[in-house]
Amino acid sequence: MASHDHSYLSDMEVRVRALETLLTEKGYVDPAALDVFIDTYETKVGPRNGARVIARAWADAKYRKWLIEDATAAIASLDFAGRQGEHMVAVENTRDTHNMVVCTLCSCYPWAVLGLPPVWYKAPPYRARAVADPRGVLADFGVTLPETTAIRVWDSTAEMRYLVIPMRPAGAEDWSQERLAELVTRDSMIGTGLALSPTEAAS
Amino acid sequence: MNGPHDLGGAHGFGPVIAEENEPVFHANWERRAFALVMALGYTGAWHIDTSRHARERTPPADYLASSYYEIWFAGLKRLLVEHALVTQAEIDAGKSSSPPAALTAVPAEGLVEKLRAKNSYERPALAPARFKAGDRVRAKVMNPYGHTRLPRYVRGRTGTIAAIRGCHVFPDAHCGTENEDPHWLYSVAFAAGDLWGPQGRAGDEIRLDLWEPHLEPA
């Protein structure tokens with residue numbers, strides 16, 4: 001199986017390289033531009049952007065209010081505007097309601113704050129089950145919610161992009177925004193996880 | 001279209017398996033395929049709705065057996081041939097054998113700014129919104145052969161308008177055309193029990209962003 005996987009990937013490597021050569025020869029792509037796309041989403045735009053938004057919202061009640069009322073503007077104020085973040089909505093988890101984000105039709109995801117989506121977010125198991133069995137999906141992630149918490153699943157069928165504001169963990173009351181951001185995981189901003197407690201973050 | 005991409009509520013795919021410390025790309029070809037899709041998109045040869053539909057048209061068995069970047073790569077090749085930018089023979093050979101079409105590459109210079117630009121899919125409204133928050137609506141029963149952002153699992157089901165999002169470019173009409181045909185976009189809340197019957201848990205809710213042509217009063 002391993003050798004099969006290896007040759008399969010090599011095959012894709014060859015095909016993609018061949019297409020890149022053809023499109024460059026035609027003058028349709030600038031290879032240097034390809035490097036900019038890759039560098040931007042591999043090293044610059046990622047979930048640490050979103051974590052800074054959440055940490056600010058936890059620490060600053062005025063910012064939190066703005067984020068919930070007009071997420072696009074509140075996020076742009078931290079300089080995280082851009083592609084696949086054109087129309088942002090921030091949804092807040094509480095004891096009563098837990099939010100979870102999916103795109104059942106493709107892979108819509110708030111790139112500007114979370115970067116490119118992980119493989120599981122784009123694959124059939126999550127896209128099929130998040131809307132019909134969100135508790136089962138949370139169990140796959142090792143998360144159990146209280147019986148009394150309702151789940152609200154957001155299926156990203158338009159250009160609206162959703163960012164979950166996870167509940168702020170106890171034990172970090174006097175923390176700076178920089179330290180708070182360390183508690184904010186990517187999955188907690190998708191709604192498939194919770195923010196880390198200070199003890200979890202330390203281990 | 002009722003394609004393999006419309007996965008909401010499907011059974012049998014097994015558990016969600018997340019990779020620990022997952023890298024952004026798993027192979028170099030994924031980097032290059034991603035960048036090629038982006039680079040061609042930014043030339044304006046087509047737009048995002050046409051691009052999504054090209055991926056949806058991957059034959060069902062292939063779609064479900066492919067990784068997401070393989071689906072992106074298949075969609076890109078489909079669009080390149082359909083838009084007469086390359087021929088299938090050229091793709092197979094990896095070499096140009098005909099003069100290029102009039103399409104200018106997006107330069108690296110200024111690209112970072114382009115990626116950070118504040119764009120919008122919202123357009124001036126041509127008519128007042130038909131629905132308001134709290135209205136009960138039904139997702140229409142329809143099975144269009146072309147692109148639609150109305151998933152099968154809500155068609156014919158009744159929900160409630162939770163919010164008005166604005167008047168947005170309508171992908172169902174925009175796909176494959178330059179006609180943005182903007183319509184009012186709504187956040188529509190469906191009770192889990194109304195979608196899934198006994199398998200839906202009381203109190204749980206699924207919200208979708210749907211355009212006015214997807215909806216009728218209930």
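Author: Let us start with a working rule: two residues are in contact if their C-beta atoms, placed from the backbone, lie within 7 Å. As for conventions, this is a predicted model, in which local features need pLDDT of at least 70, side-chain atom pairs count only at pLDDT 80 or more, and totals for chains, interfaces and linings use all residues. Residues are numbered from 1 along each chain as its sequence is written, while chains are lettered from A and ligands numbered from 1 in the order in which they are written.

Reader: How many residues of domain 1 of chain B are in contact with domain 2 of chain B?

Author: Domain bounds come from an automatic or database domain assignment, and for chain B that gives domain 1 (28–116) and domain 2 (136–217). Five residues of domain 1 of chain B touch five residues of domain 2 of chain B. The C-alpha centres of these two domains are 29 Å apart.

Reader: Which classes of residue make up the side of domain 1 of chain B that touches domain 2 of chain B?

Author: In this scheme Ala, Val, Leu, Ile, Met, Phe, Trp, Tyr, Cys and Pro are nonpolar, Asp, Glu, Lys and Arg are charged, and the others, Gly among them, are polar. On that side of domain 1 of chain B there are no nonpolar, two polar and three charged residues.

Reader: Now for the two chains: how many residues of chain A are in contact with chain B?

Author: Here 63 residues of chain A are in contact with 73 residues of chain B. Helix α1(A) gives the most to chain A's side, with 13 residues. By class, chain A's side divides into 39 nonpolar, nine polar and 15 charged residues.

Reader: What is the strand order in the open sheet of seven strands?

Author: Strands of a sheet pair through backbone hydrogen bonds, either parallel or antiparallel. Strands (E, at least two residues) and helices (H or I, at least four) are DSSP runs, numbered from the N terminus, and two strands pair if DSSP finds at least two bridges between them. The order here is β2(A)-β3(A)-β4(B)-β3(B)-β2(B)-β1(B)-β5(B), with mixed pairing. The edges are β2 (97–102) of chain A and β5 (215–217) of chain B; each has a single partner strand, so one side of each is left without a neighbour in the sheet.

Reader: How many bridges join strand β3 of chain A and strand β4 of chain B?

Author: Four bridges join β3 (residues 150–155) of chain A and β4 (residues 205–211) of chain B, in the parallel sense. Along this pair, V153(A) stands opposite I206(B), and D155(A) has L208(B) as its bridge partner.

Reader: At what angle do the axes of helices α3 and α4 of chain A cross?

Author: Axes are lines fitted to C-alpha atoms, for helices over the stretch in contact, and angles run from 0 to 180 degrees between N-to-C directions. The axes of α3 (residues 47–59) and α4 (residues 61–69) of chain A cross at roughly 125° and come within 5 Å. The contact is made by V53(A), R56(A) and A57(A) of α3(A) with Y63(A), R64(A) and L67(A) of α4(A).

Reader: Is N21(B) buried or exposed?

Author: A residue is buried with 20 or more other C-beta atoms within 10 Å of its own, exposed with 12 or fewer, and partly exposed in between, with C-beta atoms placed from the backbone. N21(B) has 4 such neighbours inside 10 Å, so N21(B) counts as exposed. N21(B) also has a positive phi of about 45° although it is not a glycine.
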